[in-house]
2 protein chains.
Amino acid sequence: MTEARRDNDRRAAAFVPGHVTGFFSPYDADEPVRAGSRGAGVTLSDGVRVTVRADDPSTASRLTLDGTPLSMPPVETVLTALDAEGAHVVAESDLPLGTGFGVSGAIALGTALAANHALDRGRSANDLVALAHRAEVLAGTGLGDVVAQARGGVPIRLDPGAPPHGRLDGVPATRRVEYVTFGGLSTADVLAGDTDSLVDAGDRALSGLTDRPTLSGLLAASRRFASRTGLPTDRVRGVVDDVVDTGGEASMAMLGETVFSLGTGLTDTGVDADVCRICQTGAHLLPPDRS
Amino acid sequence: MTEARRDNDRRAAAFVPGHVTGFFSPYDADEPVRAGSRGAGVTLSDGVRVTVRADDPSTASRLTLDGTPLSMPPVETVLTALDAEGAHVVAESDLPLGTGFGVSGAIALGTALAANHALDRGRSANDLVALAHRAEVLAGTGLGDVVAQARGGVPIRLDPGAPPHGRLDGVPATRRVEYVTFGGLSTADVLAGDTDSLVDAGDRALSGLTDRPTLSGLLAASRRFASRTGLPTDRVRGVVDDVVDTGGEASMAMLGETVFSLGTGLTDTGVDADVCRICQTGAHLLPPDRS
């Protein structure tokens, strides 16, 4: 019997970092665990804490996010796969949902980690990542966030899919990150459009980054991807241009009406940005005293 | 130009967790990057901080560990591969060298991460891990620590070797870990002995753990491996037996005259043990203000 279950009977908590994608190429596949995206982005020390209670009579809600009950199909899929339909999930997020921070993937992955631990399901880390990735792909809510969030740091998604299919590398880096969001963009709408040009622009960006995997290279490749795909709104384009004109580095978070910058890029231009760091730690269980 | 280089000209620091192996199967290969071991262990929040200065006229020493100059062939190999022969490496360790904590691998990997950053070499995370792993294999100082330390958590080494050859999974877990060491054992002597029986015992342990990847399963598999291979000294066997008799979980660190336990296993038996936690973070650069 583990420490967690002695201290907090059938309850466990996990932290999952936020993730902003700089560029991506979507890849479909018959098996959801092989589908996903290639691309690169930055994981954030701002993220989501997910607590799973095996049975909590104090609430009828299956899932709350920052106190508000909601329904998220990927969370349902994860709980069903872990035979945890009676569990209750409490998510607390530093980041807004649906604006390009991977909050949906974070809740799915955090639920998988915490439910596995609370209910002693004995799944491996790769199994839980694959389960959450598959749930996100099936729901159409994410293609690459979960595998990136499981790794932490600055993940490069060399091949799409979850373990054992996907393949990751990373940019070794530590840095302050700033971000500002103006709202959401529909991933489904973008993926319903011309994905051939997305794949072409994403693969070109990836090839440039793997030649020289640095943070500056990631941001430059992300801006070229944004420009080629025409995804930024006028507002996002204006903010990114301001940062670059001030000598900073910024790009758009795919997919949200959201800008992220390195260092003090956004605040240097007078934007009231949130501040965090690159998250060196991938998704992980929290010790019982912090759960 | 990155934040790190603005604040600390051509200097960078990295943290690499300690790693105790519970069981392993050594695998040789013509290419060192494909050689290594299968097995499993626990990474520790106690570890090694490595600072690399591109050029430091204040010291003639290439490498110091806790203030003492020393020579480590893997570090030389790493610096040469990064064209960083003029660099100086300062390592500070929470853990003793040569007693089964992966300190040698930690210094090699920390040197790779910090030298790449200080000298702006633009290598990817996988490249740096492969470089440090290869250096350890060539020197005969480690077979699986580097890839485990790069991951953090509780790494399961499914296939030997560094990226892109090796394959990892993990036990999702958070836990207090205690350890005590009585001295070193020679890895080279053990590997010069009957490796067939090591491979057999290691593969049996791995198969048992992957069937149900839990911390308790890891410790039980590690004790069976220790018993089958006869590697524990009388003193190590006595301490492990005491912990198990008290209802705790402990095993021997491969390879050192070292015992590690979960929770308060060692202190519950009156052993004056060091205390840390499973390290959720793999090897990573430190922010400039902490370097």
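One definition before we start. A residue counts as buried if 20 or more other C-beta atoms lie within 10 Å of its own, with C-beta atoms placed from the backbone. Keep in mind that this is a predicted model.

Next, the two copies. Chain A superposes on chain B by a rotation of 180°, with 0.0 Å of shift along the axis and an RMSD of 0.0 Å. The copies are therefore related as by a two-fold rotation axis. Which C-alpha of chain A comes nearest that axis? That of A:T281, at 2.3 Å. Both copies use the same surface: 100% of the contact residues of chain A recur in chain B.

On to the interface itself. Chain A puts in 32 residues, and chain B puts in 32 residues. On the chain A side, four elements each supply at least two residues: helix 3 (103-118), helix 4 (125-139), strand 7 (167-170) and strand 12 (284-285). By class, that side of chain A has 12 nonpolar, 14 polar and 6 charged residues.

Now inside chain A. The domain assignment gives domain 1 (3-168) and domain 2 (176-277). Their C-alpha centres lie 23 Å apart. The contact between them takes 23 residues from domain 1 of chain A and 35 residues from domain 2 of chain A. On the domain 1 side, strand 1 (11-27) and strand 2 (36-53) of chain A each supply at least two residues. That side divides into 11 nonpolar, 10 polar and 2 charged residues.

Last, the core. The largest nonpolar core has 190 residues, and A:L109, A:A115, B:L109 and B:A115 touch the most other members. Why does this core lie between domain 1 and domain 2 of chain A? Because both domains give residues to it. Take A:A115 up close. Leaving aside residues up to four places away in sequence, A:A115 touches A:V52, A:V78, A:L79, A:L82, A:A84 and A:A87.

That's the tour.

Conventions: Residues are numbered from 1 along each chain as its sequence is written. Chains are lettered from A and ligands numbered from 1 in the order in which they are written. This is a predicted model: local features need pLDDT of at least 70, side-chain atom pairs count only at pLDDT 80 or more; totals for chains, interfaces and linings use all residues. Copies are superposed by least squares on the C-alpha atoms of residues with pLDDT of at least 70 in both. Two residues are in contact if their C-beta atoms, placed from the backbone, lie within 7 Å. Domain bounds come from an automatic or database domain assignment. Ala, Val, Leu, Ile, Met, Phe, Trp, Tyr, Cys and Pro count as nonpolar, Asp, Glu, Lys and Arg as charged, and the others, Gly among them, as polar. A nonpolar core is a set of buried Ala, Val, Leu, Ile, Met, Phe, Trp, Tyr and Cys residues joined through C-beta atoms within 7 Å. A residue is buried if 20 or more other C-beta atoms lie within 10 Å of its own, exposed if 12 or fewer, and partly exposed in between; C-beta atoms are placed from the backbone.
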